[in-house]
Amino acid sequence: MTKLLKRKSYDIPTLIANGTPAETTEQKAEALAAQYESVHRADQNFNNEQNDIKRQVEEFINQNREQINSQHYLSRIVTSPTEIAEIIKKFPNNKAPGLDEIENKHLTAFGYKMIHYKIPKSLILLIHSYLTNRELLVQLKNTQSTKKLIGAGVPQGSVLGPTLFNIFINDIPIFAKTNTALYADDTAIYASSFSAQIASKQIQIHINLLEKFYDKWKIKINAEKTQQIIFTRKFTDHKIWDKLRVYDNKITDEPHVKYLGTYIDTRLNFFKNTKYLISKASAALKNMYSLMNRNSKLTPQNKVLMYKTIFRPILTYAAPVWCHLSDTAFKPLEVFQNKCLRLALNESRYARIVDLQERSATTSLRAFVNKLSNNFYSHQLKFNKLTRRITKFRSYNTPFRLKHKLSYQHLSIYDK
């Protein structure tokens with residue numbers, strides 16, 4: 001809310017559309033609408049295989065054109081959400097990448113996959129009507145542009161978006177020597193080996209398969225955002241001489257990468273991630289300082305509530321991943337919590353931490369992170385195939401080579 005109130009309104013500068021400057025509000029609106037239309041324009045360059053797919057989909061739609069025009073198919077749909085879920089579960093390569101919108105994917109490819117998976121005809125026709133004949137317009141102040149046709153894509157944040165995206169990439173290729181982790185449109189491929197070079201070769205084979213798949217279904221890979229990282233305890237003999245390539249772009253090794261909002265480094269020390277979390281929390285505290293400082297009219301109880309609902313979730317983002325941090329690495333997070341509590345309770349720097357926690361009814365951040373992580377490892381892993389067996393090792397069956405190497409080994413779930 002504070003960011004919204006402080007947000008300033010800026011005038012859009014002069015735009016260049018087709019070599020002509022757009023200066024008035026009407027011209028700017030039209031220029032932006034034309035740009036968005038070009039972004040959502042369907043690609044019409046097909047090879048022979050793609051032309052065959054297009055032909056099959058067009059034949060299916062033309063055969064049922066009367067139903068589409070009359071919209072009688074709406075009354076014939078008897079498919080419940082449960083039945084739809086069962087249909088999707090029967091797909092031959094069932095993967096659940098998570099929530100995201102379908103973007104810049106050609107409609108004919110999606111229609112072909114729905115037909116291939118034998119989704120009920122009435123449901124295919126309904127989705128076809130949902131994806132076709134969409135329009136957009138741009139509004140600047142009180143001026144609206146003319147409507148433009150959307151040739152590809154579905155609305156971002158739509159209810160159907162996640163399900164349609166899952167159907168579209170359901171047949172993404174796999175490779176026996178690697179694993180694929182999908183979340184929305186983020187794809188992570190990983191392999192393990194005693195040799196980093198061998199693991200890299202296995203990943204390269206999988207990337208080659210993905211390139212063919214993406215080319216066939218007209219999905220674009222952002223090679224500039226593709227990164228590679230090696231997780232190892234070795235200090236030597238882990239270089240990769242043949243670099244990974246994505247569409248002839250070399251992918252270099254990185255000491256740390258950002259994945260789903262968390263910085264991961266080669267030795268899983270999470271030093272950069274800790275600094276990143278503190279910097280984000282500090283920025284939020286700076287924006288909310290007028291409400292948290294000693295001159296604020298808010299009561300200490302309300303300030304503590306602000307800390308628990310705004311700042312602490314930032315500090316504990318993805319806590320189960322890095323809950324194994326040593327006390328030394330964890331200390332900066334504890335220091336930031338103590339700083340917020342002193343600010344909320346109007347206490348001096350000499351106030352005892354135990355007294356701060358007692359007055360604010362909070363625990364140490366370490367104890368809170370352990371509680372979050374224990375709940376996660378106990379209840380949230382069963383919903384995903386990749387995470388289902390993370391906690392298969394407990395105190396009674398852990399091999400000696402894995403002693404002191406499990407991220408949840410200090411939690412109570414390890415002794416169950």
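1. A quick word on terms first: a residue is called buried under 20% relative accessible area, exposed over 50%, and partly exposed in between (1.4 Å probe, protein chains only). Lys148, with a relative accessible area of 17%, is therefore buried.

2. Please keep in mind that this is a predicted model, where local features need pLDDT of at least 70, side-chain atom pairs count only at pLDDT 80 or more, and totals for chains, interfaces and linings use all residues. Residues are numbered from 1 along each chain as its sequence is written, and side-chain values use heavy atoms, with hydrogens and water left out.

3. Six salt bridges turn up across the whole structure, each being a side-chain nitrogen of Lys or Arg within 4 Å of a carboxyl oxygen of Asp or Glu. In one of them, Lys148 pairs with Glu30, with 3.8 Å between the closest N and O atoms. This pair links distant parts of the chain, 118 residues apart: Lys148 sits in strand S6 (residues 148-150) and Glu30 in helix H2 (residues 25-39). Helices (H or I, at least four residues) and strands (E, at least two) are DSSP runs, numbered from the N terminus. Glu30 is partly exposed, at 28%.

4. Another salt bridge joins Asp327 and Arg366, with the closest N and O atoms 3.3 Å apart. Asp327 belongs to helix H15 (residues 327-345) and Arg366 to helix H17 (residues 365-379), so the pair ties together parts 39 residues apart in sequence. Asp327 counts as exposed at 61% relative accessibility, while Arg366 counts as buried at 15%.

5. Lys243 is partly exposed at 32% relative accessibility, and Asp253 is partly exposed at 28%.
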